[in-house]
Structures are given as structure tokens and as C-alpha cells.
Amino acid sequence: MDLEKIDKEVRKALKLIRKGYQKDYIMEKIKPIEFSKEKVYEMAKCRIKAKEKFGEMAEKLFFDEEGLRYSTPPIVAEYRAKRLKCKSIADISCGVGIQLSYFAKLSKAIGVEIDEDRVKMAKLNAMVFGVDVEIIQGDALSNEIFEKIDADCIFSDPSRKEKEEKRTFETLFPNPSKVYELYSKKTGNIAFELPPQMKREEIKLQGEKEYTSLNFRLNRLALYCGDLATCNISAISLPSEERITNEDEKIEIGKGEAMDLLYEVDNTIIKANLLPNLVGKLSFNGYILHEDKKRVLLTSSNDYKSAFLRKYEIIKICRFNFSEINKELKKLNAKKATLRFSIEPKEYWKIRNKIEEGLKGEKHYYIFKVNDLAIISSPS
Ligand SMILES: C[S@@+](CC[C@H](N)C(=O)[O-])C[C@H]1O[C@@H](n2cnc3c(N)ncnc32)[C@H](O)[C@@H]1O
């Protein structure tokens, strides 16, 4: 495939989109090279959207809408490739091949993809990353593909619906149970990328469930089977790679009142059910200040450092009443106040504007809500 020629056509479409031309006009100006004109246009649009996930690299890569939505962010792809480093790995649902290219940097890698256009995009992306991979088109669950795969480790990041009531193996493609049933005839070292919101009881295979946080947000849930598993449940924070597992010593702490410092806990730890292990590993001396479905806050007088905790100094506690909070903020020379409690997204700015009304100071505070109290704090 001629990377340069295809890239030139995508760039041409991108330039016209950026100049504000309508799709019909752009479609007249571009040529179908390896892809339909519709796909060239889609790939150009995706380069704009991809900037958030891929930064400057987005300008060179090839995605369709779905391929981009589910493509692995570089920091996660790099970590996963390190963790699964082996002689040879097969990514049997490789999409546009972002994770696959990162695998290929460290291991001999082969990709399988059912969608013809995505096979081509994955090949182009591998060229952009400068890695050598074989990518074959077909159904990973077919005999034909199964017979072609010879690898020490199998990886599958299945496609899923954008939204659904309940995440199950049955609505993942290819279905992880079927992948396991088939490929465990070759190797027990099989790993999956599952939807992070999938309930534990829906994970129908044994193995280590690794909740992956990217910049303090739950981003992925990997399942490592066979010898790839090192424990039952773990949480990893990226980019720091700090790790907590169910084997770390557990310490249960009770509820208590605010001390000098407030710690916001990365929700990844809560999803993974590893709060007692985090507390144990840090020898955390303090209390749970607040917990709801979205947020757990701890408090202590001691200083702890962890990528799973965001630390704040408690500056002032007052009644949770907008005008009272506003009055306190004025006294504290505030300019801004970020709200760190559960509110309807459409209410956020209405409330924030009330709380920030007339602020003329310089400082930026964070407001937490604990029962009927507001905790005005500052990152520390
Ligand atoms: C979530 S995407 C993979 C994203 C990829 N890990 C990345 O980083 O770019 C899943 C892909 O699996 C492909 N797929 C679904 N069922 C498949 C099957 N039975 N065989 C091969 N590929 C399949 C879909 O077409 C889709 O492109």
C-alpha cells in the first residue's frame, strides 16, 4: 500500500474541511485511493477528533469513527505491550491497530481484523509507527484464521456497542468466552480488554482483573488469564504505573470528621474494590470523610503520596449554603471555585456562578460537600 499517496489524499480532505467547505464539495475534489471517497473523508474528520487522544500524532494516523472511538490511548497501549511482552503475540481483533503497533515494538506481533477497511488502516498505522507486523483479514473465531495463528500469547480487545444497559460477554465481538474456548487449545496465555463498567459477575473467565486508570480516571479493564495473571484483582495508575492488588495488606478504616487534609480517591480503586488495600499499602492513618457512588473522600493529618489520591489542604468548613460559601470565598481572596460534589451536569455552571459571584481575588479553591457542610480546600 502506498502510504504517501493515501496520506496525501486524506490531508487534502482535511485541509478542505478546515477551510470550512461542505462535504459534497470535498467529495468532488478527492480521489478514491485504496479506500472509497466516503472513507477518505471519514479518515480526515477522524484526524481532527483524534487530537485529544493522540496529540500531534493524530495528523499522521488512520481511523474510521468506530476505530477511533475504541482505539487504545498511547500511554495505555505502551503499558499493555510491556506487560504482555513475549516472543510472539496475536492481537485477534486489532481494529485500526494502535495497540497492535505498540505490541510490535516489543514482541513479534500478528493482527487479525474482520473489517476490510480497518485491516488497511492498521497496516498504514503500523507503517506510521515504523513497525513490522503481519495483519490478516478474517473472523478470529473461524477455523481458517485459528489455523494461521501461532503465538505465545493471544490478546483480544473486542468491539462493543457504544451504550447498553448491561455489559455482557454476549454483546462483545468476538465473545471472550468463545475466544478462550478456541485459543486455549493453543495457549493458556490469553488477555482481554473488557468494558471497564462491566460487573464482576459478568466476567465469565478466571484471571486477573486489572482496572487501569489514566490520569485519575478509570479507562480500561484488562483480564489476564493463565500464567499472565499475577493476582485476582489489581489497579494500575498510568502514567506512574503505581499498582495496588488484592494481595496488598488490607486495613479497614471507619468514618470520621475532617482533619487537616482531604484526599480524593481515584474511582478506579473503588470500582476495583481495593480501598482497604490502598489504605493498607500506604499505612494510611485517618478516616473516610464521605462516600457515594461517584466519590470517596478520605481525611488525615498526615501526608501521603499516591497516584490514586489527590491531596487537598482543608482551608475552611462552613454550612453548605451558596451565599455562605460565597462569603467565605471572598474572605479567602478567591478568584475561582471548582465544584467537587455530585450535581446534574446542566446545573453545574448555574451553581458555580452563584458560588463565584463577585469574586475578585486571586486564588483557586475546590469545594467538597460532606453531609450539610462545605469544605473549601486548596490542592496541596
Ligand atoms: C475495540 S476494536 C480494537 C481496537 C484496538 N485494540 C486499537 O487499539 O486500535 C475491536 C475490533 O474487533 C473487530 N472484530 C469484531 N469481531 C471480530 C472477529 N470475530 N474477528 C476479528 N475481528 C473482529 C472489530 O471490527 C473492531 O475493529
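**Notes on a predicted three-domain chain**

1. Start with Ser 240. Ser 240 sits in the loop between S8 and S9. The model is predicted, so every value here is computed from it. Ser 240 counts as partly exposed, at 46% relative accessibility.

2. Pro 239 is found between strand S8 (233–238) and strand S9 (242–245). The peptide bond that joins Leu 238 and Pro 239 is cis, with omega about 10°. Most peptide bonds are trans. There is a second case to check. Phe 173 and Pro 174 are also joined by a cis peptide bond, with omega about -5°. Pro 174 is in the loop between strand S4 (153–156) and helix H10 (176–183).

3. How far is Ser 240 from Leu 214 in space? The C-alpha atoms are 9.3 Å apart, and the two residues are 26 places apart in sequence. Lys 204 gives another distance. Ser 240 and Lys 204 are 36 residues apart in sequence, and their C-alpha atoms are 30 Å apart.

4. The Lys 204 side chain reaches the backbone oxygen of Glu 201 at 3.1 Å. Beyond its neighbours within four places in sequence, Lys 204 is in contact with Phe 169 and Ser 177.

5. Is Arg 80 buried or exposed? Arg 80 is buried, and its relative accessible area is 0%. Arg 80 has its place in helix H6 (residues 74–83). Its side chain and that of Glu 210 are joined by a polar contact of 2.8 Å. Glu 210 is one of the residues in contact with Arg 80 once neighbours within four places in sequence are set aside. Others in that list include Gln 99, Phe 103, Phe 155, Glu 193 and Tyr 224. Thr 212, Arg 220 and Ala 222 are in the list too.

6. The largest nonpolar core has 55 residues. Phe 54, Phe 63, Leu 84 and Ile 98 touch the most other members. Domain 1 (3–49) and domain 2 (68–205) both give residues to this core, so it lies between them.

7. Take Phe 54 as a way into the 55-residue core. Residues up to four places away in sequence are not counted here. Phe 54 then touches Leu 61, Phe 63, Leu 68 and Ile 98, among others. Ser 71, Thr 72 and Pro 74 are also touched by Phe 54.

8. The domain assignment divides the chain into domain 1 (3–49), domain 2 (68–205) and domain 3 (261–379). The centres of domain 1 and domain 2 are 28 Å apart, taken over C-alpha atoms. Eight residues of domain 1 are in contact with seven residues of domain 2. About 700 Å² is buried between these two domains, and carbon and sulfur atoms give 81% of that area.

9. Two residues call for a check of phi. Most residues other than glycine have a negative phi. Glu 34 is not a glycine, yet its phi is positive, at about 65°. Glu 34 is in the loop between helix H2 (23–29) and helix H3 (37–49), and it is partly exposed at 43% relative accessible area. Asn 273 also has a positive phi of about 65° without being a glycine. Asn 273 is in the loop between helix H11 (267–271) and helix H12 (275–282). At 56% relative accessibility, Asn 273 counts as exposed.

10. Last, the whole chain. It has 14 helices and 16 strands. The C-alpha trace spans about 65 × 55 × 35 Å along its principal axes. Of the 380 residues, 54% count as buried. The accessible surface comes to about 19,000 Å², and 46% of it belongs to carbon and sulfur atoms. Among contacts with a separation of 6 or more, 66% are between residues 24 or more positions apart.

How values were computed
Residues are numbered from 1 along each chain as its sequence is written. This is a predicted model: local features need pLDDT of at least 70, side-chain atom pairs count only at pLDDT 80 or more; totals for chains, interfaces and linings use all residues. Side-chain values use heavy atoms; hydrogens and water are left out. A nonpolar core is a set of buried Ala, Val, Leu, Ile, Met, Phe, Trp, Tyr and Cys residues joined through side-chain atoms within 4.5 Å. Buried means under 20% relative accessible area, exposed over 50%, partly exposed in between (1.4 Å probe, protein chains only). Domain bounds come from an automatic or database domain assignment. Contact means heavy atoms within 4.5 Å. Helices (H or I, at least four residues) and strands (E, at least two) are DSSP runs, numbered from the N terminus. A polar contact is a pair of N or O atoms within 3.5 Å; within protein, one must be able to donate a hydrogen and the other to accept it, and residues adjacent in sequence count only if both atoms are side-chain atoms. Accessible areas come from the Shrake-Rupley method with a 1.4 Å probe; for residues, only the protein chains shown count as cover. Buried area is the accessible area (1.4 Å probe) that two parts lose on being put together, summed over both.
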